[in-house]
Amino acid sequence: MIKENLEVVENNIRKACDRAGRDYDSVTLICVSKTKPVEMIEEAVECGKREFGENKAQEMKEKYEILPKDLVWHFIGHLQTNKVKYVVGRASLIHSVDTLHLAEAIEAEAEKKDLTVDVLIEVNVAGEKSKFGLTTQETEELVRGVSKLPHIRVKGLMTIAPFVEDAEENRGIFRALKDLSVDIAGKNIDNVSMDILSMGMTNDYEVAIEEGATHVRVGTGIFGERDYSI
Ligand SMILES: *Cc1c(COP(=O)(O)O)cnc(C)c1O
């Protein structure tokens, strides 16, 4: 099932890239494996996948310890400062920095482990009350604050778009995130690049790619529905 699902998703990514006149290689597919067992991740690895996304620090740590060390982990969930120690040194990219307080905790852990950590700033473009992330107005200020932390590199922006029936409804959100990233890139802030745009999930990754996503985070479309009752 995973193999077939991956073929469908990759084919859709290819078609979206074609429509947008983009290279297929310019989009990284992150297989969001949260709540799913390591056996399913292993199946995706056999299909050639290397990049996985998790939203719980301890769950990512456990899977990281069990699975081959050449996998690339993306931390995509809300991160509490007391869980930073599980993530720094394991995640290649933390997608969800939304306060200076969290960035400072990452900085302290990175300094302790003598690492540099790549992060994205999470923007709540739609302004949904239920979601974490900054307003577009607050984003530049946080980028500037984080840019001063020597063990952190800001690599771009991330957003979680609302759940909608029709993915087209999120096009404006993706476009706004892209515009914001171009805007911030134009300010040439030291230690900051805007190369990564993490946006698009199972329901809307094709539209996100058309609007410039470099990283799409697809869970259900690859691994099937998640069961939170177990
Ligand atoms: C769960 C999750 C995803 C994947 O969602 P699907 O709709 O299953 O593709 C992507 N991004 C984040 C931040 C998530 O928490």
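Me: Which ring face does Lys-85 lie over?
Reply: Lys-85 lies over the face of Tyr-86, 5.0 Å from the ring centre. The rule for a charge over a ring is NZ of Lys or CZ of Arg within 6 Å of the ring centre and within 35 degrees of the ring normal. Bear in mind that this is a predicted model: local features need pLDDT of at least 70, side-chain atom pairs count only at pLDDT 80 or more, and totals for chains, interfaces and linings use all residues. Residues are numbered from 1 along each chain as its sequence is written, and side-chain values use heavy atoms, with hydrogens and water left out.

Me: And what does the charged end of Arg-14 sit over?
Reply: The ring of Tyr-24, at 3.9 Å from its centre.

Me: OK, helix 3 now. Which of its residues are buried?
Reply: Ala-57, Met-60, Lys-63 and Tyr-64, in a helix running over residues 57-66. Buried means under 20% relative accessible area, exposed over 50%, partly exposed in between (1.4 Å probe, protein chains only). Helices (H or I, at least four residues) and strands (E, at least two) are DSSP runs, numbered from the N terminus.

Me: Which exposed residues are on the face turned away from them?
Reply: Glu-62 and Ile-66.

Me: How many aromatic pairs are there?
Reply: The count is 1. Phe-52 and Trp-73 make a tilted pair, 5.9 Å centre to centre with 40 degrees between the planes. Rings of Phe, Tyr and Trp (its six-membered ring) pair if their centres lie within 6.5 Å; planes under 30 degrees apart are stacked, over 60 edge-to-face, the rest tilted.

Me: Are Phe-52 and Trp-73 buried or exposed?
Reply: Both Phe-52 and Trp-73 are buried.
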